[in-house]
Amino acid sequence: MAGSGRFEAKISGKGGHAAIPQQAIDPILAASNVIISLQHLVSREADPLDSQVVTIAKFQGGSAFNVIPDYVTIGGTFRAFSKQSFNQLRQRIEEVIVGQAAVHRCNATIDFLDEVKPSYPPTVNNGDLHEHFVNVAVNMLGINKVNSAVTPSMAAEDFSFYQEVMPGYWFWLGVKNASHKRLESLHSPYLEINEDGLPYGAALHASLASSYLLKHQQDVLGIERKYHDEL
């Protein structure tokens, strides 16, 4: 899965009456051009073979039909599959927002919300653990029940923080309800899972752990001896 970050920007101008816009500095117009320019980061700056996403999902400004507000707040998410692309995207988002705001005589401040919720690194499965998973899952469930060639997703997962410090492996358990014509998102209030899949998931977790420990028993005993010696 992709690395994921969030941002919020405040674009400040000068409020005024909508009938005399020349006496105001319109932050709504500035924010609109900011949003258009941000889309060019993916369509014109990113390698087409290196998937990236910039989505503005928040736009707040003004409360009257005939008043230009003092400021506008926009916010969104950006995602990429590599740390290099992710960091480049973050840098360019800030540059574009500040630059486009200045074109329209506005000021802009950007908060990447690192103190509230740090950006997620990309979720990258370990190759050896992938081989281990496929062997165990196929032996347990059958080859027709295991899809080991899943297309990468622009979703993000904080499990990736574990993978920053140790080898890790993420897999999905199929719980589609056959009576539903479409599979709802995990974040949907209409999601209804097929609970018959849960025992298979529990058994698979147990099998993955036990077979891994048996396979690497000598390595585990060696580590235990090392810690006993230190004590």
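**Ground rules.** I am working with a predicted model, where local features need pLDDT of at least 70 and side-chain atom pairs count only at pLDDT 80 or more, while totals for chains, interfaces and linings use all residues. Residues are numbered from 1 along each chain as its sequence is written, and side-chain values use heavy atoms, with hydrogens and water left out. Helices (H or I, at least four residues) and strands (E, at least two) are DSSP runs, numbered from the N terminus.

**Entry: α1 against α2.** I noted that two packed helices are described by the angle between their axes and the distance between the axes. For α1 and α2, the axes cross at roughly 145° and come within 9 Å. Axes here are lines fitted to C-alpha atoms, for helices over the stretch in contact, and angles run from 0 to 180 degrees between N-to-C directions. I then listed who touches whom, contact meaning heavy atoms within 4.5 Å. From α1 come N33, V34, S37, L38, L41 and E45, and from α2 come L89, R92, I93, V96, I97, Q100 and A101. Sorted by class, this contact has eight nonpolar, three polar and two charged residues. The classes go like this: Ala, Val, Leu, Ile, Met, Phe, Trp, Tyr, Cys and Pro are nonpolar, Asp, Glu, Lys and Arg are charged, and the others, Gly among them, are polar.

**Entry: α1 by itself.** Next I looked for its buried residues (under 20% relative accessible area; exposed is over 50%, partly exposed in between; 1.4 Å probe, protein chains only). They are P27, A30, A31, V34, I35, S37, L38 and L41. What covers them includes β1 (3-12), β3 (52-60), β4 (67-68), β5 (71-80) and α2 (83-103). L29 is also in α1, but L29 counts as partly exposed at 46% relative accessibility.

**Entry: S85.** This residue lies in α2, and at 11% relative accessibility S85 counts as buried. Setting aside neighbours within four places in sequence, I found S85 in contact with D50, Q52 and A80.

**Entry: α3 against α5.** Helix α3 (residues 127-141) and helix α5 (residues 198-215) pack at about 125°, with axes 10 Å apart. That makes α3 oblique to α5. For the cut-offs, under 35 degrees is roughly parallel, over 145 roughly antiparallel, 65 to 115 roughly perpendicular, and the rest oblique. α3 passes α5 in a right-handed crossing. The contact is made by L129, H132, F133, V136, A137, M140 and L141 of α3 with Y200, A203, L204, S207, L208, S211 and Y212 of α5. I sorted the residues of this contact into eleven nonpolar, three polar and no charged.

**Entry: G201.** G201 is found in α5, and G201 is buried, with a relative accessible area of 6%. Its C-alpha is 8.8 Å from that of G174, 27 residues away along the chain.

**Entry: positive phi.** Most residues other than glycine have a negative phi. R105, in the loop between α2 and β6 (107-111), has a positive phi near 65°. L113, in the loop between β6 and α3, has a positive phi near 60°. Buried or exposed, I asked of R105? At 56% relative accessibility R105 counts as exposed, whereas L113 is buried at 17%.

How values were computed. Left-handed = near helix turned anticlockwise from the far one by under 90°.
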